Amino acid sequence: MTEAKEQLLTEHKINVLLIDDQPMVGEAVRRMLEGEEDIDFHFVSDPTKAIPTAEELQPTVILQDLVMPDIDGMTMVKFMRVNSKLKDIPLIVLSTKEEATTKAEAFANGANDYLVKLPDRIELLARIRYHSKGYINLLQRNEAYEQLRESRDEMRKELAVAADYVTSLLPDPVKEGDIQADWRFIPSASLGGDSFGYHWLDDDHFAMYLLDVCDHGVGSALLSVSAMNVLRSQTLPDTDFLKPDEVLVALNDSFQMDQQNNLYFTMWYGVYRKSDRTLTFSSGGHPPALLLSGGEVQQLRTPGMIVGGMPDMTYTSDSVTVNPGARFFLYSDGVYELKKVSDGKMWEFDEFSGFMESTDGELGKPIDQLITHTRQLQGAELYEDDFSMVEFVFA
């Protein structure tokens, strides 16, 4: 993960460019600004060099005469406004003409202000500082936006890398045998903390689990991977991985939120014993898993707090008998907690459970049917939270 870079906005000094063919005017303005420490003054008397000079200096304000040889002042104002390097720089017309129609034409052509020369020193300084401040604010705002865009792009790259890493650790689908499994994992744009796994503990016991870390981002994903790794490697100390309640107690002790950047997770963990078709399970703050068999839906959940929220928590286990051909769905709340585009209301859990009961087809198809349905419900392809669901079919 790339470290975030703290960047400060560029400080800009007031930089004035006067364009006037009369050197005496240039000298008069120079004397007006003399001694002002926050202002740099530049003067160009050749109108043909005005635009190249302005492009090079990038002043914070331009003072421009209207009556000059070789070029019409109004035309020069227009040139300034269509020049990509100068169009946003405040331009104050400095002219001997006092007619209202001339002033109106100057503003219509893109001038920001109009002063009859020679203006009072105090007024000139006030207008230079006022327009320069606005332009400097614009430069810093553009700079801040660019930094934000770069930071956002960098974060997206980090999230994409983290999502690929989490996906690479997920187990392969199992298409044959006593227990078949398939899954879909669709990370949200901000990457939640979902992960899941399943594996044989021995010849008779098959473990299956899914956890969902609170919050989003790389930190949540890393905690999720850490917890998943200790389950895969069975490295929790003094833990019988055949007993789900013991597993949750051990995880709660090992991943206290005050040592995990205040992150905790919900979890469902179960062990299927093939010899007598018993599924024993325990959960901590997690949605119930769904067991579909014989036209009935059972919601499998035990009472239990989130994992990592408080030390010395206790968890309980429960068990059910799994009939041949039963389907079992393990998932995170991101698969059903969505807002319906039709009426703006949340999709209720009972609606989700009812939909899963109506699904059918070969292994994995019910999840695809859910994805199609939920995308239609929310009117969008992307999910607000990670979409994680595992389907098991028991022979």
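Reading strands, helices and rings in a predicted model

Tutor: Strand β1 (residues 14–19) and strand β2 (residues 39–44) run parallel and are joined by six bridges. The model is a predicted one.

Student: Which residue of β2 does V16 stand opposite?

Tutor: In general, side chains along a regular strand alternate between the two faces of the sheet. Here V16 has F41 of β2 opposite.

Student: What kind of unit do β1, helix α1 and β2 make?

Tutor: With α1 (residues 23–33) between β1 and β2, the three elements form a β-α-β unit that is right-handed.

Student: How many Å should helix α5 span, and how far apart are its end C-alpha atoms?

Tutor: The expected span is 1.5 Å times one less than the number of residues. Helix α5 covers residues 121–169, which is 49 residues, so it should span 72 Å. The C-alpha atoms at its ends are 72 Å apart, in agreement with that value.

Student: What does D120 reach at the start of α5?

Tutor: A side-chain oxygen of D120 comes to within 2.9 Å of the backbone nitrogen of I122.

Student: Which residues does the cis peptide bond join, and what is omega there?

Tutor: The cis bond joins K117 and L118, with omega about -10 degrees. L118 belongs to the loop between β7 (113–116) and α5.

Student: Where does N262 lie, and is N262 buried or exposed?

Tutor: N262 is in the loop between α7 (244–254) and β11 (265–273). Its phi is positive, about 60 degrees, although N262 is not a glycine. The cut-off for exposed is over 50% relative accessible area; N262 has 55%, so it is exposed.

Student: Where is D312 found, and what is its phi?

Tutor: D312 sits in the loop between β14 (296–300) and β15 (318–321). Its phi is near 60 degrees, positive in a residue other than glycine. D312 counts as exposed because its relative accessibility is 67%.

Student: How many aromatic pairs does the structure hold?

Tutor: A pair of aromatic rings is described by the distance of the centres and the angle of the planes. The structure holds 20 such pairs. For W347 and F355 the ring centres are 6.4 Å apart and the planes stand at 65 degrees, so this pair is edge-to-face. The cut-off for that class is over 60 degrees.

Student: Are W347 and F355 buried or exposed?

Tutor: Both W347 and F355 are buried.

Student: Which residues do ring pairs link into a cluster?

Tutor: The cluster consists of Y198, W200, F206, W268, Y272, F281, F328, F392 and F394, linked by ring pairs.

Definitions and conventions:
Residues are numbered from 1 along each chain as its sequence is written. This is a predicted model: local features need pLDDT of at least 70, side-chain atom pairs count only at pLDDT 80 or more; totals for chains, interfaces and linings use all residues. Side-chain values use heavy atoms; hydrogens and water are left out. Helices (H or I, at least four residues) and strands (E, at least two) are DSSP runs, numbered from the N terminus. A polar contact is a pair of N or O atoms within 3.5 Å; within protein, one must be able to donate a hydrogen and the other to accept it, and residues adjacent in sequence count only if both atoms are side-chain atoms. Two strands pair if DSSP finds at least two bridges between them. A crossover is right-handed if, with the strands pointing away from the viewer, the path from the first strand over the helix to the second runs clockwise. Rings of Phe, Tyr and Trp (its six-membered ring) pair if their centres lie within 6.5 Å; planes under 30 degrees apart count as stacked, over 60 as edge-to-face and the rest as tilted. Buried means under 20% relative accessible area, exposed over 50%, partly exposed in between (1.4 Å probe, protein chains only).
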